[in-house]
Amino acid sequence: MPWRFLAKIVECKPEERRALFLAFFFNFAVLGSYYVVKPIRDDIGAANGVEKLSWMFTGTMIVMIIANALFAAIVSRMSRRRFIPLAYHFFVFNLALFYFAMRLASPAAQFWVGVAFFTWVSVFNVFVVTVFWAFMTDVFTTNQGKRLFGFISVGGQLGGILGALITGSLVKKVGAGNLLMASAVLLEAAAFFVRIFPADFHSRKTESGDDVQPSTIAKDEQPVGGGIVAGFSHVIRSPYLLLITAFMFLYAITTTFLYFQQADLSAQTFHDRAARTAFFAHIDIWVNSLTALIQIFFTGRLIKWFGIGATLAFLPVLSMIGFISIGWMPVIGLLAAFQVARRAGNFAITRPAREVLFTVLSREDKYKAKSFIDTFIYRLSDQIGAWSYALLHWLGLGLVQISWVAVPLTAIWGVVAVWLGRRQNALSQAKATSAWRQP
């Protein structure tokens, strides 16, 4: 690898290179696996109609509550190198079950297989990505996260491009069910990268300049411990975690509004399901391609130049512009462009900056509180957004009017982003000062 060329893209120290590239390919496999099945899920949601989507989101939230409790229990008792591969193996087993269900179920049962698959993917995508980034915030420091997370995110976007290309080009030829095996192979690769990830790549020096002792490295590989409700209890007691929760809440509600608008317009535009699935896959290709370009050339620099708060505020501002545009001209082309810009902005800019927020937390909070926010809070917000959308429909508001309802939500979201950035900076400085004072 031409290291001089790499140095122009990412500020990486020699001892960090192996960890950086393993994280890059780990993310590639995780998002590649997800983006194979995402267009299939989106087609199921559009085919069932906006009315059924609200109930499907309710089922997703119920499953998420159970899954979050199980995850917290496993994290308390297993090391990260055991529970992360175990979680991925479990999802691979699920993919195999859906593969046989889609091939063998009767036509009457296919509806329920589709509902179950929609719910499962909505849980799967949040957990596999959350577990990946929890691992990243556990093994990388705050300073490393600011420098390296943007490049690591590129791996995920390239994986997303591959996954979407696989589905977009093959769904009409081999059918949706057969594509699940491609997703399973990529997820198995992700489990492999966890097992070979180095434990001591940044053990020479901490950010304060002190040597990291082997006992500290060994401690990081121990089970996190604590109770299964620690994520919830820590969130409600911490103003900082509550701010992150508010940020996630507003992000998820506006995302759900846009998702329902996409389902509504695409169902009106496309009547062939394979064509609709391919359309969703092509959106994913554009999203991941644009995201990768932004991450390579801008993400790390934006966080460095403008700080966490301003970087987090980018997506609320973009979303405000997008919803205003849809309010003026509700057509599928404009909505697709808004979807691409917003999702690319989230993956390329907001997501890396948001993950840096967790680097100042304890190990237990990095897994449990983060998982609680990224999974349960996210899906609860989805649920609130889904039923709010249905209520607004019932009150007689159409797609245009709902876009204008979303505009003030994006303004509040932007204010929360700025406050959150200031708080993270204060906690980061306090943590660095504390580490410097320790003998």
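## Ground rules

Since the model is predicted, local features need pLDDT of at least 70 and side-chain atom pairs count only at pLDDT 80 or more, while totals for chains, interfaces and linings use all residues. Numbering starts from 1 along each chain as its sequence is written, and side-chain values use heavy atoms, with hydrogens and water left out.

## Overall fold

Let's start with the big picture. The protein has 13 helices and zero strands, where helices (H or I, at least four residues) and strands (E, at least two) are DSSP runs numbered from the N terminus. Along the sequence, the pattern is simply α-α-α-α-α-α-α-α-α-α-α-α-α.

Of the 439 residues, 58% count as buried; buried means under 20% relative accessible area, exposed over 50% and partly exposed in between, with a 1.4 Å probe and protein chains only. Contacts here mean heavy atoms within 4.5 Å. Among contacts between residues at least 6 apart in sequence, 87% join residues at least 24 apart.

## α4 against α12

Helix α4 (residues 107-139) packs on helix α12 (residues 363-394) at an angle of about 155°, and their axes are 9 Å apart. For the record, axes are lines fitted to C-alpha atoms, for helices over the stretch in contact, and angles run from 0 to 180 degrees between N-to-C directions. That angle makes α4 roughly antiparallel to α12; the cut-offs are under 35 degrees for roughly parallel, over 145 for roughly antiparallel, 65 to 115 for roughly perpendicular, and oblique for the rest. The crossing of α4 and α12 is right-handed, a label used if the near helix is turned clockwise from the far one by less than a right angle, with anticlockwise giving left-handed.

On the α4 side, the contact is made by S122, N125, V126, F127, T130, W133, A134, F135, T137 and D138. Facing them from α12 are R363, K366, Y367, K370, S371, D374, T375, Y378 and R379. Sorted by class, the contact of α4 with α12 comes to seven nonpolar, six polar and six charged residues. In this sorting, Ala, Val, Leu, Ile, Met, Phe, Trp, Tyr, Cys and Pro are nonpolar, Asp, Glu, Lys and Arg are charged, and the others, Gly among them, are polar.

## α4 against α5

α4 also packs on helix α5 (residues 142-174), at an angle of about 145° with the axes 11 Å apart. The crossing of α4 and α5 is right-handed.

Here F132, W133, M136, T137 and V139 of α4 meet Q144, F149, I152 and S153 of α5. By class, the contact of α4 with α5 has six nonpolar, three polar and no charged residues.

## The main core

Which residues touch the most other members of the largest nonpolar core? Out of its 126 residues, they are F26, Y88, F117, M136, F140 and I152. A nonpolar core is a set of buried Ala, Val, Leu, Ile, Met, Phe, Trp, Tyr and Cys residues joined through side-chain atoms within 4.5 Å. Helix α2 (residues 17-77) gives the most to this core, with 21 residues.

Leaving out residues up to four places away in sequence, F26 touches I84, Y88, F132, F135, M136, A190, F193 and V194. I152 sits in α5 and counts as buried because its relative accessibility is 0%. Beyond its neighbours within four places in sequence, I152 contacts L20, A23, F24, N27, F132, W133, M136 and F140. I152 and F28 are 124 residues apart in sequence, yet their C-alpha atoms are 8.7 Å apart.

S33 is part of helix α2 and, at 0% relative accessibility, counts as buried. Neighbours within four places in sequence aside, S33 contacts F124, S183, L186 and L187. From S33 to A182 the C-alpha distance is 7.3 Å, across 149 residues of sequence.

G327 belongs to helix α10 (residues 273-328) and counts as buried at 10% relative accessibility. G327 touches V400, S403 and W404, not counting residues up to four places away in sequence. S403 lies in helix α13 (residues 399-437) and is buried, at 0% relative accessibility. Its contacts, leaving aside neighbours within four places in sequence, are Q261, F323, I326 and G327. The C-alpha atoms of S403 and I324 are separated by 6.7 Å, though the two residues are 79 apart along the chain.
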